Amino acid sequence: MSQTERTFIAIKPDGVQRGLVSNIIGRFEKRGYKLVAIKLVQATEALLNEHYAEHVGKPFFPKMCNFMMSGPIVAMVWEGKDVVKQGRKMLGATNPQDSDMGTIRGDFGIDLGRNVCHGSDSVASAEREIKIWFNENEIVNWSANQSIWIYE
Ligand code: UDP
């Protein structure tokens, strides 16, 4: 399994407003994943239509879009072995009511429309989403000295 797999993780406006940025970043850092891109973004309707293409036209979409544009989002790319699947596990189930304790949504969320974070659901989605949120030159290739203590 590739140690250079990448996923797109976002801290939604509720997570930023509630001061959860450092906690969420800290979980990925401490787990051993490598941060290769990060920025604070004000989402636009065009960007969200692209990012959530599969949900455009669904009844919840307009409200969800307004919420996603209500404040800044922390957009990130994290890299490491199996990071897409592991990242989803760290986030917890989409609805915080179903998320296990110890996951981000389970620890910090109550309502579906305020579930604090986003994570790509497959390697293909990750590649698609990273291209939507980041330019090529915003992603940094670097080697983490700690990798020999993370990977055997
Ligand atoms: N969502 C919502 N109402 C719904 C369904 C989804 O507000 O009825 C929001 C929810 O915050 C979710 C996002 O839309 O995180 C995207 O939904 P998806 O099923 O893709 O879940 P995710 O990939 O975020 O776990």
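Q: Let's start with D107: how does D107 count in terms of accessibility?
A: D107 counts as partly exposed, at 36% relative accessibility. Buried means under 20% relative accessible area, exposed means over 50%, and partly exposed is in between, with a 1.4 Å probe and protein chains only.

Q: Before I go on, what kind of model is this?
A: This is a predicted model, where local features need pLDDT of at least 70, side-chain atom pairs count only at pLDDT 80 or more, and totals for chains, interfaces and linings use all residues. Residues are numbered from 1 along each chain as its sequence is written, and side-chain values use heavy atoms, with hydrogens and water left out.

Q: Ok, back to D107. Which residue does D107 form a salt bridge with?
A: The partner is R27, and the closest N and O atoms are 2.9 Å apart. D107 sits in helix 6 (residues 104-108) and R27 in helix 2 (residues 21-31), so the pair ties together parts that are 80 residues apart in sequence. A salt bridge here is a side-chain nitrogen of Lys or Arg within 4 Å of a carboxyl oxygen of Asp or Glu. Helices (H or I, at least four residues) and strands (E, at least two) are DSSP runs, numbered from the N terminus.

Q: And how does R27 count for accessibility?
A: R27 counts as partly exposed, at 21% relative accessibility.

Q: How many salt bridges turn up in the whole structure?
A: The search finds 5.

Q: What does E79 pair with?
A: E79 forms a salt bridge with K34, the closest N and O atoms being 3.4 Å apart. That pair links distant parts of the chain, with E79 in strand 3 (residues 73-79) and K34 in strand 2 (residues 34-41), 45 residues apart.

Q: Are E79 and K34 buried or exposed?
A: Both E79 and K34 are buried.

Q: What about K39, which residue is its salt-bridge partner?
A: K39 pairs with E138, with 3.0 Å between the closest N and O atoms. K39 is in strand 2, while E138 is in the loop between helix 7 (123-133) and helix 8 (147-150), so to speak two distant parts of the chain, 99 residues apart. Salt bridges that share partners also join R6, K34 and E79 into one network.

Q: New topic: the ligand. Which residues are around the ligand?
A: They are K12, Y52, H55, F60, M64, R88, T94, R105, L112, G113 and N115. To count, a residue needs one of its heavy atoms within 4 Å of the molecule.

Q: How far is a polar side-chain atom of N115 from a ligand oxygen?
A: N115 has a polar side-chain atom 2.8 Å from an oxygen atom of the ligand. For R88 the distance is 2.9 Å, and for an N or O atom in the side chain of K12 the distance to a ligand oxygen is 3.0 Å.

Q: How much of the ligand does the protein bury?
A: The protein buries 78% of the 510 Å² that the ligand exposes when taken alone. Accessible areas come from the Shrake-Rupley method with a 1.4 Å probe, and for residues only the protein chains shown count as cover.

Q: Which residue does UniProt list as "active site"?
A: The unreviewed UniProt entry lists H118. UniProt positions are in the numbering used here, feature names are shortened, and annotations may be inferred rather than shown by experiment.

Q: Where is H118, and what does H118 touch?
A: H118 is in strand 4 (residues 117-119) and is buried, with a relative accessible area of 10%. Leaving out residues up to four places away in sequence, H118 touches F8, I9, A10, K12, H51, Y52, L91, R105 and E129. Contact means heavy atoms within 4.5 Å.

Q: What's the phi of V116?
A: V116 has a phi near 75 degrees, a positive value in a residue other than glycine. Most residues other than glycine have a negative phi. V116 is in the loop between helix 6 and strand 4, and V116 counts as buried, at 0% relative accessibility.

Q: What about the phi of D82?
A: D82 also has a positive phi, near 60 degrees. D82 is in the loop between strand 3 and helix 5 (83-91), and D82 counts as buried, at 13% relative accessibility.

Note on methods. A polar contact is a pair of N or O atoms within 3.5 Å; within protein, one must be able to donate a hydrogen and the other to accept it, and residues adjacent in sequence count only if both atoms are side-chain atoms.
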